[in-house]
Amino acid sequence: MEDSPLWSRRGFLGMGVGVLGAAGLAACGDTAETPAGVVPEVPKELLDAAASLKGSSMGMLSQKLYSTAANEALDASIKKFADSTGTKIENSLVQADAGDVVAKIHAEVEGGVARDLAFMTDSRFVAQFQALGDLEDVTDVVEALTAKYGEPCAEAKNFCVFDGKWYAIPYHFIGIGSFLRKDWMQEKGIAPKDVYTWEELRDLCLEISDPAKRRFGWGMTVNRSGDANGLIEALINSYGGAIATNDGKKVTFNSPETVQAVTFLGDVYTNPKYKSMLPPGVASWTDTSNNENWLAGVLGYTRNSFSVYADSKTKKNPVYGNTHVFSDCVGPATDKSLLLGQSQGFTIFKGAKNAELAKLVAQYLVTAPALVGVAKEAPGLALPAWEKVWDADPFFAGGDPAFPMLRNMSQQPLPLKTKNGLSFPQKASAGQQAVVAAYVLTDMMQQVVQGAAPAQAVTAAHAKMVQIFAQQGLPQ
C-alpha cells in the first residue's frame, strides 16, 4: 500500500534488525530509576502466547504524539516485542487532525488493506469507526486486562463500549488542562485558583496582558483546529448547551444556552476592549500555534492536551516552572469542571490478517514497563489507562506535580451533570464526532467573528449538524 501525507512509515521493527539508537530507547525502563537505554522485557505469558506466531507480521497505526522522543520511545517498545517474539511489526504514524482520516481508514478496511492494529483518541474516532462496521469486538482482551490491572479509565467505558461490547482497548490516558502564567499573575498581585468561571478567566487574561512586552493573555483561536473545537464545545457545555441529547441521537444545538455561550466567546474576539489580549495572527492559528506561542513565552493562558506542558518540561523551557495548571472553567450551568480527559484506544480493524498478534501487542503496550518510556518523554500526555498500572512504576506516582490531578480526572465517578440535565460524557455518537471532525463549531465562530449575529450562526450550524447526523445514520 502506498503512503500518503497522512501516514508516516516507520519501517519494520523486529526479526533481528538490531536495536534502535540510544535516543529512541531513552527512559524505557522498568522503574523510574532504570538506566536510559534499557528497553522493558516482554512478560513471559505474552511470549508464550506469541510462540505460535513466530515469523508472522502485522501493520500498526500510531496516532502521532507531539513529542518526537515519545514516538521514538513507543517504537522502542514495539521493537522489543517484535524482537522477543520473532515477529515483524510495521508501525506508521497517523496525523489524526487531518480531516479525512476516518474516510481514508474506512476505505482501507473495505479494500482489505487496513493495518491490523491502531490507537486513536476514543472520544473523537471510535464511535465513527464502530458505526461504519470497521472494528472487531475486543471484549475478551479488555476483560483479561481488567482481571490483571483493575478498572480502565472512567471515560473509556463510555467511548469504547457499544451494546455492552468493547470495540477499543484503553491504552493510555491523555491529560487535558488549562495553563496560566503564574509569574505574570504574581506581578499583578493575583493569586492562582483551582477554579475559574469563563468570565473570570477572560478578565484575568486581559489584566495580565501587555503587548509592549509581548504578553498576550488569551492564547486560544477559534480557527479550524482540534484545540478550537475543544474550547468551543467545552464552553457551550458549561453554559448548558450541547450538540445532541444525552443519548447522542438528536441534535439539540440551537438553544438559548448555546447562543449565550457563543455570544460570550464571540465578544472575546470582536470587542475592542479585549484586543490587547489577543496575540497577533490568532485568527489564522492552526493546532500547533498555541503550543509554539506558549513555549515562546508570549501567552498568559492556553487550553490544551498536556503536549505543551510535556514539551516545556522535557526541553527545560523556563515556562514550565511558571505554569499554573488547573482543570477547566465553569459556566452558568456547572458547579465543577466538566473536563473528562481522553484516552487512546487500541482498535483492531475488520479483516485484520493477524488479529491474534495485534491483541498481544496491545496487552504489552498498556503495561507500566512498556508505557513509562513514552510517559517520560510526554509527561501528562501519556499516562496509565488502567488502575493498577498507575501504581506499578514510581514515575506515574511522583513524576510531576500535575499527575495526581490527572489521575483523579481519569478515575473520577461519571457522568458529570449540568444544572439543566445534561450528563457528560454523553453516549458516544458517530453524529457528534463527525460534526466536530467537520469543524462545524469553528466555522460557526468564524461567522460570528466576521459579524454574524450569534443566534443566526447557531441556527445555521444546527442545520449543518442535522445533515451530518443523517449521513451518519441518525436521521432527525
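**Aromatic cluster and overall fold**

Analyst: To begin, this is a predicted model. In the model, one aromatic cluster is formed by Phe179, Trp294, Phe306, Tyr309 and Tyr320.

User: How many aromatic pairs does the structure hold, and how are the rings of phenylalanine 179 and tryptophan 294 arranged: stacked, edge-to-face or tilted?

Analyst: The structure holds 16 aromatic pairs. For phenylalanine 179 and tryptophan 294, the ring centres are 6.4 Å apart and the planes stand at 50 degrees. Stacked pairs have planes under 30 degrees apart and edge-to-face pairs over 60, so the pair of phenylalanine 179 and tryptophan 294 is tilted.

User: How many residues apart in sequence are the parts that this pair ties together?

Analyst: Phenylalanine 179 belongs to strand β8 (residues 176-181), whereas tryptophan 294 belongs to helix α12 (residues 289-295). Both phenylalanine 179 and tryptophan 294 are buried. The pair therefore ties together parts whose separation in sequence is 115 residues.

User: Which arrangement do the rings of phenylalanine 306 and tyrosine 309 adopt?

Analyst: Phenylalanine 306 has 0% relative accessibility and so counts as buried. Tyrosine 309, at 5%, counts as buried too. Their ring centres are 5.1 Å apart with planes at 70 degrees, so the arrangement is edge-to-face.

User: At what distance from the ring centre of phenylalanine 395 does lysine 376 lie?

Analyst: Lysine 376 is placed over the face of the phenylalanine 395 ring. Its distance from the ring centre is 6.0 Å.

User: What span does helix α3 reach from its first C-alpha to its last, and which residue just after α3 takes a positive phi?

Analyst: Helix α3 covers residues 68-85, 18 residues in total. Its span is 26 Å, close to the 26 Å expected at 1.5 Å a residue. Buried residues in α3 include Leu74, Ile78 and Phe81. Just after α3, a positive phi of about 70 degrees is taken by glycine 86.

User: Is threonine 139 buried or exposed, and with which residues is threonine 139 in contact, leaving aside neighbours within four places in sequence?

Analyst: Threonine 139 lies in helix α6 (residues 139-149). Its relative accessibility is 15%, and buried means under 20%, so threonine 139 counts as buried. Apart from neighbours within four places in sequence, its contacts are Lys165 and Trp166.

User: What radius of gyration does the protein have?

Analyst: The protein contains 21 helices and 15 strands, and buried residues make up 59% of its 476 residues. A compact globule with 476 residues would have a radius of gyration near 23 Å.

Definitions and conventions:
Residues are numbered from 1 along each chain as its sequence is written. This is a predicted model: local features need pLDDT of at least 70, side-chain atom pairs count only at pLDDT 80 or more; totals for chains, interfaces and linings use all residues. Side-chain values use heavy atoms; hydrogens and water are left out. Rings of Phe, Tyr and Trp (its six-membered ring) pair if their centres lie within 6.5 Å; planes under 30 degrees apart count as stacked, over 60 as edge-to-face and the rest as tilted. Helices (H or I, at least four residues) and strands (E, at least two) are DSSP runs, numbered from the N terminus. Buried means under 20% relative accessible area, exposed over 50%, partly exposed in between (1.4 Å probe, protein chains only). A charge sits over a ring if NZ of Lys or CZ of Arg is within 6 Å of the ring centre and within 35 degrees of the ring normal. The expected span of a helix is 1.5 Å times one less than its number of residues. Contact means heavy atoms within 4.5 Å. The radius of gyration is taken over C-alpha atoms; the globule rule is 2.2 Å times the number of residues to the power 0.38.
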